Amino acid sequence: MKPTDISKPSYFHKVVDCQWACPAHTPVPEYIRLIASGRYADAYMVNWQSNVFPGILGRTCDRPCEPACRRGRVEENNGEKPEPVAICRLKRVAADLKGDIRARLPRPAASKNGKRIACVGAGPASLTVARDLLPLGYHVTVFEGDAKGGGFMRTQVPRFRLPEEVIDEEVGYILDLGADFRGNTRIDSMKALLGQGYDAVFVGSGAPRGRDLEIPGRAEAAAHIHIGIDWLASVYFGHVSAVGKRVIVLGGGNTAMDCCRSARRLGGDEVKVIVRSGFEEMKASPWEKEDAQHEGIPILNYRVPKAFIHDKGRLTGMSFELVRAEKDARGRRRLVPTGQPDEFHACDEVLVAVGQENAFPWIERDCGIAFDDSGMPVLDPQTFQSSLPQVLFGGDAAFGPKNIIWAVAHGHEAAVSIDKLLNGEPTAERPQPAVEVISQKMGIHEWSYDSDISGDTRHKVPWASAEKTLKSIRVEVELGFDQQTAWKEAQRCLNCDVQTVFTPKLCIECDGCVDVCPMDCISFTANGEEPELRARLSAPALNAAQDLYVSASLPTTRVMVKDEDVCLHCGLCAERCPTGAWDMQKYLFETSKAGPACRTRVPTGEPA
Amino acid sequence: MTYHAKPKLHHPSLARNAVGLTRRDYEGKVSTLCAGCGHDSISAAIIQACWELDVKPHRVAKLSGIGCSSKTPDYFLRNAHGFNAVHGRMPSVLTGANLANRELLYLGVSGDGDSASIGIGQFVHSIRRGVNMVYIVENNGVYGLTKGQFSATADQGSTSKRGVVNADQPIDLVGLALQLGASYVARGFSGDKQQLVPLIKGAIHHRGAAFIDVISPCVAFNNHAGSTKSYEYVRQHNEAVNRLDVIPCRSEISVEYPEGSVVEVEQHDGSVLRLRKLAAGYDPTDRAAALNLVLAHDSRGEVATGLLFVDSAAHDLHQHLNTTEVPFNRLDAAVLCPGAAALQRINEGLR
Ligand SMILES: Cc1cc2nc3c(=O)[nH]c(=O)nc-3n(C[C@H](O)[C@H](O)[C@H](O)COP(=O)(O)OP(=O)(O)OC[C@H]3O[C@@H](n4cnc5c(N)ncnc54)[C@H](O)[C@@H]3O)c2cc1C
Ligand SMILES: Cc1ncc(C[n+]2csc(CCOP(=O)(O)OP(=O)(O)O)c2C)c(N)n1
Ligand code: SF4
Ligand code: SF4
Ligand code: SF4
Ligand SMILES: [Mg+2]
């Protein structure tokens, strides 16, 4: 293998598994260390820079960082159940305990730059665009069909998971930057909007349409059958405050989980989730399923809905075909009928949560924005520009329904594109990240980070009692970590951003680092091709998704090979090295946001 | 040197051996030696060898004297018995322990100061008596613990860190052990575990006095230009005479080697030492040839490493003394004390 080029920012970034997996590349270990040292406001601000909604995300994020977290791999075969660091819930700790941070937020721009931006929708995507552009002096108008900003975070995510004050606070921080917010204003013509002379338009209108289920009885029993996301919105707006005693929720995603748990709180004594797929294949996050089951909601799988059964329009139940999963000749999973008689489940109401779609009825197809066959806008995946370069899409409106953190990530990128576009720069040239590398060495075995490794297993977030939370849809279920538990959970983080940096010319090949490394990460061996090399290291490097760090050739002609996979970042290698060939260096990686830093050229005289 | 304890977490694929232990279970406390010390690599090699051989840690006695090298038993096999003797006195304590309980695996760990200076008298007698043991000298050419004075194994003409030339003749512990009748004599280098681990395994399988001289650079006091025990010097002058594979029992041998390239020596316990020859015509079962080879290399400034000599038919101290199979420490009073009548008879016989 060729020596690893560690000057490439992506090399060490990838080692920070959580940050790499986070769509907005939040510097997770950096904020976790701040939480550990009780600097909650600082931790909050680190988050706010990257993901804009730390309090909201600390409760609701889909947390792609956690399955990626190194701690989960490190704990494999080391105890009962390997688990990642509770990254998401630590974020909430920062939000809960930060105190008043308003003085740290940017101020509304002192002078405007004369450029006008329209955002359609006030979901997380649009709000991120607004946040990034407002301090730069852009005039940002946010059009929202609802009265308040927040998008689905406000109208879909139920209050027992996300209190409204948190939304008000974090949406408020953005609108207070001087946004021109137009609530209760639904845009019904893109042509008309384009005619208003905005310099750029950002479409963050989400994926607002719930999929229906056209099976026999649907029309007749319509009064008792609701589309999940419409029903959740009605619950939010107070149009719905009760539900029948027996409720069936159809679907296996997170919307289904929110529907069933909401129904449980609005009078549904006997709520069931019924899904086509197997339990394991359900789209809902594992913890959402757990939470539903914890509230006594059974999840019945391998049942395909056949008909709504009704008595002259009064819904009495549903029938289901029983299926099982089978692999076909090409190894694909298919559901095949078991041949057993259909199953009947009695119910009073059904919530259909079988998927979500995009809809852009208000965008005229002849206004210059190209759409593909499936009705989605044709976009540049990096710049988020449509075929009209000054019209950009982001969030669920761009590539179909995802989640909040993706909407935020899109928002940042779109804001960069807008800023470059309106400064006359090519948007395809994406800005380099800001990278800072700082040695952590303070003394012979003194580091400026806490290198000790905690043996704790994952700490559980305490819950309010079920009897209290099931009584009202407004009582938040999770209570958040207290300071003490937050500290302990923070200790589980391995500081993956503190990198092991190797300087070949200093190494005397004493083997000290190899011997001391608890995880057998390091080998000195003859070089070879990657697959073969992976098999003959101190411990086999079986996780091909994790890189090998290969040095230049050493005096014995061998090379140093480090498997990044399960390194604890404990620094023992660097403590044991007599020559300082290993050093522990903190690698702070930050994506460049809109503003002078994202531009390649000298400003053209415009105030930034 | 490290303040934090080594984390208990280990690589997910870490294997268990036949006695259900991982390699990490053979570790000891975190070393307090200087970072980069060769001695730590030797500890790692002992750990590896014991794990590979499924040694039960509680059936091992690790004994040492005084010195950085003699501190190392604290850093491996935390569940073994241990005894830290006075400077240079490890061989006698080991001999005594071995006489009391012949069933343990005796691991003597010493330094060149501990064995070639103050303890040389003890060293020679434990070897010539054929005590069944693995005797490892972690040879750095200096008194590491007392800050780097030349030891008796420092080569004539080599210089100290401050540039002082050593005028005295060195003691070659390998040559000495050969002359004294050691039945397994090897030399290794702490910087080459691929060679060292099998040498230790072969010694563990050996019955009799097994001696291994391991060149072990002292990074603090003897790793400079002018030293003949530095990483760089040893790497440049290391002449491996053979490569050893230790095969626990004969039935497992399956690989075929070209005629004449391999010597196999079966030990008393059925294990096989397979030596892939690197030096042409060298016979490791010939004691005189071994001595010649060591001297010849020495005169060229080279360090001969590998398994230099083995006598698999050798007897140990217990056989010399015709002791009972049952270890002394398990003999009860009835067996140990023949009674007044027997004493009477003995006394009569002496009148
Ligand atoms: C039930 C449910 C639960 C969810 N739970 C989570 C969760 O726990 N965690 C998570 O990360 N994600 C969750 N999501 C997904 C998440 O809410 C969305 O992915 C995210 O909000 C998308 O953000 P966005 O900015 O693209 O648009 P949205 O949040 O959908 O906001 C779009 C806004 O645009 C407005 N709008 C639309 N068209 C117009 C128009 N023509 N004129 C003016 N305004 C308009 C809408 O009123 C809406 O307010 C959930 C989704 C659902 C349905
Ligand atoms: C009776 C006695 N004399 C002298 C000393 C001082 N002393 C301690 S260690 C040592 C030399 C150790 O040298 P070596 O065995 O080579 O060990 P190293 O530290 O080099 O590994 C000496 C002379 C002592 N501890 N006890
Ligand atoms: S251990 Fe910490 S730094 Fe490493 S991936 Fe997990 S959260 Fe991120
Ligand atoms: S920091 Fe060094 S010693 Fe610690 S696990 Fe990583 S490679 Fe091993
Ligand atoms: S401890 Fe340092 S000098 Fe020794 S092998 Fe490792 S990197 Fe090289
Ligand atoms: Mg010494």
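This is a predicted model: local features need pLDDT of at least 70, side-chain atom pairs count only at pLDDT 80 or more; totals for chains, interfaces and linings use all residues.
Residues are numbered from 1 along each chain as written, and chains are lettered from A and ligands numbered from 1 in the order written. Local features need pLDDT of at least 70, side-chain atom pairs count only at pLDDT 80 or more, totals for chains, interfaces and linings use all residues, and side-chain values use heavy atoms, with hydrogens and water left out.

Let's start with ligand 1. It has 35 residues around it, with A:Thr60, A:Glu144, A:Phe152, A:Arg161 and A:Asp396 coming nearest (a residue is near if one of its heavy atoms lies within 4 Å). That shell splits into 13 nonpolar, 14 polar and eight charged residues; Ala, Val, Leu, Ile, Met, Phe, Trp, Tyr, Cys and Pro count as nonpolar, Asp, Glu, Lys and Arg as charged, and the others, Gly among them, as polar.

| Residue | Ligand 1 atom | Distance |
|---|---|---|
| A:Ile187 | nitrogen | 2.9 Å |
| A:Asp396 | oxygen | 2.8 Å |
| A:Asn403 | oxygen | 3.3 Å |

On its own, ligand 1 exposes 1,000 Å², and the protein buries 95% of that (Shrake-Rupley method, 1.4 Å probe).

Now for ligand 4: 13 residues surround it, and the closest include A:Cys517, A:Cys567, A:Cys570 and A:Cys573. Its shell holds nine nonpolar residues, three polar and one charged.

Finally, the sheet. In chain A, strands β17, β24 and β20 line up in that order as an open antiparallel sheet (strands are DSSP E runs of at least two residues, paired if DSSP finds at least two bridges). β17 (434–439) and β20 (498–502) of chain A each have a single partner strand, so one side of each lacks a neighbour in the sheet.

Definitions and conventions
Helices (H or I, at least four residues) and strands (E, at least two) are DSSP runs, numbered from the N terminus. A polar contact is a pair of N or O atoms within 3.5 Å; within protein, one must be able to donate a hydrogen and the other to accept it, and residues adjacent in sequence count only if both atoms are side-chain atoms.
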